[in-house]
Structures are given as C-alpha cells and as structure tokens.
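Reader: I am new to this structure and would like to know what stands behind the words used for it. Please set each value against its definition.

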Amino acid sequence: MVLERLRAFVQTRYPLGNLAEFATHKTVPVHRHTFWYYWGGMTLFLIGIQIASGVLLLLYYRPSAQEAFESVRFIMTKVQFGWLVRSVHAWSAHLAIFSAMVHLSSAFFLKAYRPPRELTWVTGVILLFVLLGFGFTGYLLPWNTLAFFATKVGTEIAGVVPVVGPILQTLLRGGSDVGDVTLTRFFWLHIAILPLALAGIVGGHLAMIQLQGMSRPLSAKDARSMPFFPNFFLRDLVGWAVVLGVLLALSVYWPATLGEKADPFAPTPAGIQPEWYFLWMFQTLKLFPSHVLGLEGELVAVGFTGLAGAVVLLVPWLDRPARQGRAHWIAWAAGAIGI
C-alpha cells in the first residue's frame with residue numbers, strides 16, 4: 001500500500017511513461033560478436049568503483065608534499081581496511097583503462113563508428129584520453145619516489161610540444177620543477193576537473209548510444225535482438241560480479257605498495273618507467289634517435305604520438321570503405337599495428 005502511494009505520488013509529479021516505455025522496448029543485437037557489447041558496461045562499472053573508493057580515500061588524504069606520503073601510509077597501516085580500499089582504487093584504475101581499450105578496439109574492428117555513430121566513437125576516444133589523464137594525475141598523489149620521477153619525466157615530455165609546450169609544462173608543474181604546487185594541481189585535476197569532464201563525456205556517450213542503439217557488425221545485419229531489460233541487463237550484472245571478484249582477488253593477493261617518500265634532491269632511480277598504459281609512448285621516445293632530419297628526436301616522437309591520437313579520433317572519416325558498408329584490409333592492418 002505504501003509503495004503504491006509512493007509510486008502514484010511520483011507519477012503525478014514526474015510522468016515517466018515515455019522514458020519507461022523506451023527502456024522497455026530497447027533491444028540489443030544478438031550475434032557471434034555480442035560478447036564485446038559487455039565491455040562498455042564493465043568500463044562504466046569500474047569507473048563507479050573508482051569514484052566510490054576515491055571518495056573513501058579522500059577522508060584521510062592530505063594533498064601536500066609534506067603530508068601526502070604520511071597520509072597514504074596512515075590509510076594503509078592504521079585505517080581499518082584502508083589498505084584494501086587503496087588497492088581496489090589502484091587496481092580498478094588499471095582495469096578501467098584496460099576495459100576501455102578493449103571496448104574501443106572491439107568498436108574499431110566491428111566498425112561501430114559507421115554513420116550515424118561517428119560522434120559516439122569520438123566521445124569514446126575522448127573518454128579513454130580522460131581515463132589516461134586520471135592515471136597520470138593520480139600516480140603522483142602518494143608522493144613516492146617512483147611517482148615523483150615518473151611525473152617529472154612526463155611533464156618534461158609535455159614541454160617538448162612546439163609553441164605551447166613550455167606553457168603547458170609550467171601550467172602542470174606550477175613552476176620550473178615538480179614540487180608542492182604540482183601535487184596540489186594534480187590533486188585538483190584528479191578530483192574536480194577530470195571528474196567533471198568525465199561526467200559530461202560519459203553522459204553524452206550514453207545518450208548517443210540510447211538514441212541510436214547498439215551498432216551491428218557488417219556480417220550481422222540480419223541478427224536477431226534481445227530486450228535490454230531484463231535479459232541483457234542481467235547478463236551485465238553477471239559480468240560485473242565476475243569483474244568485482246577479479247578486482248578483489250588482485251587487491252588482496254597483490255595489494256598496492258607505497259615505496260619510499262619522494263626526495264626531489266635524490267638522483268633519478270635507474271630503470272624508472274611509467275605505468276603500462278604509457279609504456280608505448282616511453283618506448284617510442286627511446287626508439288627515436290637524438291636528431292631526425294635536423295629536428296630534435298623528442299620533438300618528432302611527440303609529434304608522432306600526437307598524430308596517432310588525431311588519427312584515432314578521425315577514424316570514422318578516414319575509413320571510407322566502412323562508411324559504404326565494406327571492410328578493408330588496410331583498416332584491419334592499422335588496428336593490428338595499433339594494438
């Protein structure tokens with residue numbers, strides 16, 4: 001009786017009939033590639049875990065060079081289950097980026113960027129870039145040795161960009177070198193600016209998917225469909241449960257470590273390298289010689305990576321055969337080389 005009154009109260013003030021009807025009639029294509037549809041939901045689920053665990057960490061974290069390391073150590077050693085929350089936050093960051101990469105790769109090979117879904121692809125690529133931004137800014141926050149010198153190298157790479165590079169480097173660092181101001185700026189980027197960008201991009205991405213539906217591969221134009229709710233949604237829940245189990249297992253058996261507190265006056269440790277999702281850029285910089293055709297090797301390498309990012313964004317317009325409903329071996333080769 002109480003639920004019926006509450007339902008009547010809501011319906012008289014907020015008629016959601018059209019929205020409920022839309023949700024009821026939404027369908028998902030069923031074919032031999034349907035498995036790849038679940039990776040978008042997994043990415044969204046892991047982002048939710050990131051937000052929840054990040055809020056818990058904020059209760060104790062202090063964003064200053066003098067207190068950041070000690071506050072993280074306090075979380076891991078004194079706060080009940082603090083070590084688990086930090087490990088979940090760290091591992092879910094890795095898994096969210098991995099899941100987003102798999103989702104983007106599957107969308108590429110299934111030609112999900114064909115008209116009229118060009119902007120859906122663009123928002124998905126920007127979402128991956130934002131997640132990489134979360135990884136870059138969050139890496140410095142524990143203020144340990146590896147994070148400090150990796151951030152120093154990363155901001156030096158940003159400074160190589162022509163014209164705007166020095167301005168961008170100063171904007172990120174808050175000065176000529178990585179210090180207390182850098183940590184503060186990365187903290188606010190991590191918890192305020194990037195989350196606002198993430199909310200807008202995810203909202204737009206989901207709205208486009210809802211309006212246009214899920215794309216069908218070129219080989220499955222006549223595939224049957226299943227209702228999104230409850231059929232596909234229940235399968236999504238099973239996938240989320242599996243991901244949560246994997247996440248907790250990784251967090252328990254391979255918990256996040258802290259290392260030593262950063263010392264700006266210490267020499268750069270040997271063999272330092274960034275996280276796996278930036279390793280391709282790091283290795284690209286190492287492969288280029290000091291000078292290429294009279295230009296600085298670092299400048300050419302940064303230009304190459306920037307060009308690669310622009311090409312990924314423009315895939316829906318560059319892959320002309322896909323726009324005409326055809327697959328081409330060049331697109332498959334480009335995707336394989338990218339991976």
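Author: The protein has 15 helices and four strands. Helices (H or I, at least four residues) and strands (E, at least two) are DSSP runs, numbered from the N terminus. This is a predicted model, in which local features need pLDDT of at least 70, side-chain atom pairs count only at pLDDT 80 or more, and totals for chains, interfaces and linings use all residues. Residues are numbered from 1 along each chain as its sequence is written, and side-chain values use heavy atoms, with hydrogens and water left out.

Reader: What does the C-alpha trace span along its principal axes?

Author: The C-alpha trace spans about 65 × 60 × 40 Å. Of the 339 residues, 41% count as buried.

Reader: Why is Thr137 called buried?

Author: Buried means under 20% relative accessible area, exposed over 50%, and partly exposed in between (1.4 Å probe, protein chains only). Thr137 has a relative accessible area of 4%, so Thr137 is buried. Its place is in helix 6 (residues 118-140).

Reader: Why is Arg173 called buried?

Author: The relative accessible area of Arg173 is 5%, so Arg173 counts as buried. Arg173 lies in helix 8, and its side chain reaches the backbone oxygen of Lys152 at 3.1 Å. Leaving aside neighbours within four places in sequence, Arg173 is in contact with residues including Lys152, Thr155 and Glu156.

Reader: How many aromatic pairs does a search of the whole structure find?

Author: The search finds 24 aromatic pairs. Rings of Phe, Tyr and Trp (its six-membered ring) pair if their centres lie within 6.5 Å; planes under 30 degrees apart count as stacked, over 60 as edge-to-face and the rest as tilted. Elsewhere, Phe108, Phe109, Tyr113, Trp121 and Trp332 form one aromatic cluster.

Reader: How do you know that the charged end of Lys111 sits over the ring of Phe108?

Author: A charge sits over a ring if NZ of Lys or CZ of Arg is within 6 Å of the ring centre and within 35 degrees of the ring normal. The charged end of Lys111 sits over the ring of Phe108, 5.4 Å from its centre. The charged end of Lys26 likewise sits over the ring of Phe228, 4.4 Å from its centre.

Reader: Is Lys111 buried or exposed?

Author: Its relative accessible area is 3%, so Lys111 is buried. Lys111 is found in the loop between helix 5 and helix 6. Although not a glycine, Lys111 has a positive phi of about 60 degrees.

Reader: Where is Pro116, and what is the peptide bond from Pro115 to Pro116?

Author: Pro116 lies in the loop between helix 5 (82-109) and helix 6. The peptide bond from Pro115 to Pro116 is cis, with omega near 15 degrees. Another cis peptide bond runs from Phe229 to Pro230, with omega near 5 degrees, and Pro230 is found in helix 10.

Reader: Which residues of helix 11 and helix 12 make the contact between these helices?

Author: The axes of helix 11 (residues 279-287) and helix 12 (residues 297-313) come within 9 Å and cross at roughly 145 degrees. Axes are lines fitted to C-alpha atoms, for helices over the stretch in contact, and angles run from 0 to 180 degrees between N-to-C directions. The contact is made by Trp280, Met281, Thr284 and Leu285 of helix 11 and Glu298, Ala301, Val302, Phe304 and Thr305 of helix 12.

Note on methods:
Contact means heavy atoms within 4.5 Å. A polar contact is a pair of N or O atoms within 3.5 Å; within protein, one must be able to donate a hydrogen and the other to accept it, and residues adjacent in sequence count only if both atoms are side-chain atoms.
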